[in-house]
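Here are a few quick notes to read alongside the model.

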Amino acid sequence: MNIFVCVKQVPDTETKIIPTADGSFIETNSIKWIMNPYDEYAVEQALLVQAANAGSTVTVLRVGSSKDTEALRTAMAMGADEAYLVEAQDNLDSYMIAKALKGAIAKSGKTPDLILSGKQAIDDDCLQVPQILATMLNMPSVSVVVNYEGSATDITVKREVEGGALEIYGVKLPALIACNKGINTPRYASLPGIMKAKKKPLTTLSLTDVGVSDADKRVKYSNFQLPPEKPPGKKFDATDAAKMASVVKEVVGLLRTEAKVL
Amino acid sequence: MDFTLTPEQLEIKDLAMKFAKNEMMPRAHEFDEKATMPMDILKKAWELGLVNTCIPSEYGGNSFSAIDSMIITEALAYGCMGMNTAIMANDLALLPIVIGGTDEQKKRFLTPFTESYKIAAFCLTEPANGSDAGGIKTLIKEDGDDLIISGNKMWITNAGYADLFVLYGTTDPTLKHKGITAVVIEKGTPGIELGKKEDKMGHRCSDTRAVTFNNVRIPKKNMLGGLNQGWKIAMKTLDHSRPMVAASAVGGATCAYDHSVKYAKERIQFNVPISSHQAIQFMIAEMALKIEAARLLVHKAAWLLDNHQPNTLLASYAKAFAADSCMQITTDAVQIYGGYGYSKEYPVEKLMRDAKLIQVYEGTSQIQRLVIAKEIFTR
Ligand SMILES: Cc1cc2nc3c(=O)[nH]c(=O)nc-3n(C[C@H](O)[C@H](O)[C@H](O)COP(=O)(O)OP(=O)(O)OC[C@H]3O[C@@H](n4cnc5c(N)ncnc54)[C@H](O)[C@@H]3O)c2cc1C
Ligand SMILES: Cc1cc2nc3c(=O)[nH]c(=O)nc-3n(C[C@H](O)[C@H](O)[C@H](O)COP(=O)(O)OP(=O)(O)OC[C@H]3O[C@@H](n4cnc5c(N)ncnc54)[C@H](O)[C@@H]3O)c2cc1C
């Protein structure tokens, strides 16, 4: 099987995000990049599928800046065979990223049997690249997948829906599966794995190479700013029983009118 | 001059830190309490290549540079200094083989450590000889093609689980360091008697015991570097192991520092986070600068080793400074936590207990100063 995995490099979850002075993006110099945590599930799933289907290859794809190739190197250290990097700024819109990924798959010369990705990237939380890519490639896609079983041609996946229920889908490959936490336990990249990854092929492509231009831009970012600070919590004094009734009434009222949760 | 780590070293560090934070830290308290070896964690660390960093690739290892092994050790000690001792003791025991062993001995002794998780113990200290290691009394006698070993060893890390003992003895105690001889003794050799597990202040999950060798007979092909050649091997081993122990101090100190910064921002006294009080800020600033300085000493000691330059002096600078800093930093961490720091429900009291050992083993802080002073006054 030709298995592809899309990975994104995102700021470490502990990073303090600072918008640039002109508001065009965020400061990237001080960021420590990591592989998007949901993509780790995708890489692991690809390696599990590869192990179950002899002769399969795992190719990782990433669109983003070449200053740091952490995510691709980690994926190869975990066991992926080769990687493609489409060099671009780190804030392309979802449509451009999907088109670039499609172009990179074409450049690899391999027809995908299975494409895996994370269900979302934890930086911009757009949740649309997998679906756009699948549509462009004219293949089915299932997202928020927590369970994967099947052969090289037919699979059964379970996806999580609101309220914790599961939907079960039978899918014919080729398809795109976007993974959620719980689908597997990603392995660590071992030290010998890290050493071996150095020798694995990493091909760099430009946006032009994959047929993406400014004309593909669907979203224009106008300004990056931090969300407003959360207002401080409210304290209610109900230390003596006499006040209790009025405080309860007040809290219920506020939950209704202000918080709008009742 | 270049202070940057290579992309590969950054990845090694990331992996080791991830392992430390996900696998070691959450269970450090549990194993400290139970005082048992965390075998599943140690085995997992071995599977990822984090154990036995000193084994060259010819014998199945990873041929890590000294800097690489410092990076790994620092990260693992961040996770738990005690577990790291169990891991690091393997390197202490295997290094004499890497340094003084023949090709045949390396194949015979090192390669099995790369094929499955095995444990090694380094036996130098005796009940009556700790700092004065040149005065050890364990006797090594020739008997045809064999050697017969008799004597008592003390404070031997990993002893209860060891597949291999690397032992320093003497052919004649009156020869002092000129009689020191290094040998490898395999588990199960008749005459090895294990003492009870020591009930320790810190590093409680690591297994420390006295070991008695009652006329233990081994073939001469288990001798490293020939009769009376052990001291040189021991000294070269220290050049590598002391920076490693120093790296573990940096790891433990960094853990205490991270906890302190976090707690200082959260704990409110006098209506402000205690991080707003200059007294707390200064303690934390002191921690940060000592950690950075200690790490630089460790890396320089390792860099000299990687570049085949004498590093004995730097190894002692690093060991003394990092160990003493770790003690100060972990003590201050308890101070910053106030009463909570004194409780086992919070992580810092364990760090303070663990730090103490680093000032003691692999040459006490005093012995490091002895080495440094000797270099100064005999040059
Ligand atoms: C938990 C633990 C694990 C250990 N693991 C191992 C191991 O795996 N293998 C092994 O071989 N050993 C091991 N050791 C032993 C350790 O290396 C020794 O404890 C250490 O070298 C100190 O020796 P000592 O305990 O005999 O103290 P002593 O040598 O008796 O020292 C007592 C005090 O006197 C000071 N002192 C001694 N001589 C001088 C001097 N000339 N000038 C100034 N001050 C001096 C020391 O600094 C110290 O403060 C371990 C020890 C512990 C506690
Ligand atoms: C074993 C034990 C027994 C005890 N027994 C008793 C008892 O019998 N009765 C009782 O009432 N209490 C008792 N205590 C409580 C003890 O007195 C407090 O722990 C102590 O006063 C510190 O308070 P804290 O733990 O809240 O630390 P915090 O006040 O939170 O202090 C945390 C850190 O911030 C520093 N700090 C705080 N404010 C400032 C400032 N303005 N400027 C600079 N630094 C500052 C502190 O010095 C400390 O380093 C006991 C505590 C322990 C651990």
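1. A polar contact here is a pair of N or O atoms within 3.5 Å; within protein, one must be able to donate a hydrogen and the other to accept it, and residues adjacent in sequence count only if both atoms are side-chain atoms. With that in mind, an oxygen of ligand 2 sits 2.6 Å from a polar backbone atom of B:Gly339. On the side-chain side, a ligand 2 oxygen is 2.6 Å from an N or O atom of B:Arg267, and a ligand 2 nitrogen is 3.4 Å from one of B:His277.

2. On its own, ligand 2 has 970 Å² of accessible area (Shrake-Rupley method, 1.4 Å probe; for residues, only the protein chains shown count as cover), and the protein covers 43% of that. In chain B, α8 (278-306) and α9 (312-337) each give two or more residues to the shell; helices are DSSP runs of H or I, at least four residues, numbered from the N terminus.

3. Before you read much into this, it's a predicted model: local features need pLDDT of at least 70 and side-chain atom pairs pLDDT 80 or more, while totals for chains, interfaces and linings use all residues. Residues are numbered from 1 along each chain as written, chains are lettered from A and ligands numbered from 1 in written order, and side-chain values use heavy atoms, without hydrogens or water.

4. Over in chain A, A:Val252 belongs to helix α6 (residues 241-257). A:Val252 is partly exposed, because its relative accessible area is 30% (buried is under 20%, exposed over 50%, partly exposed in between; 1.4 Å probe, protein chains only).
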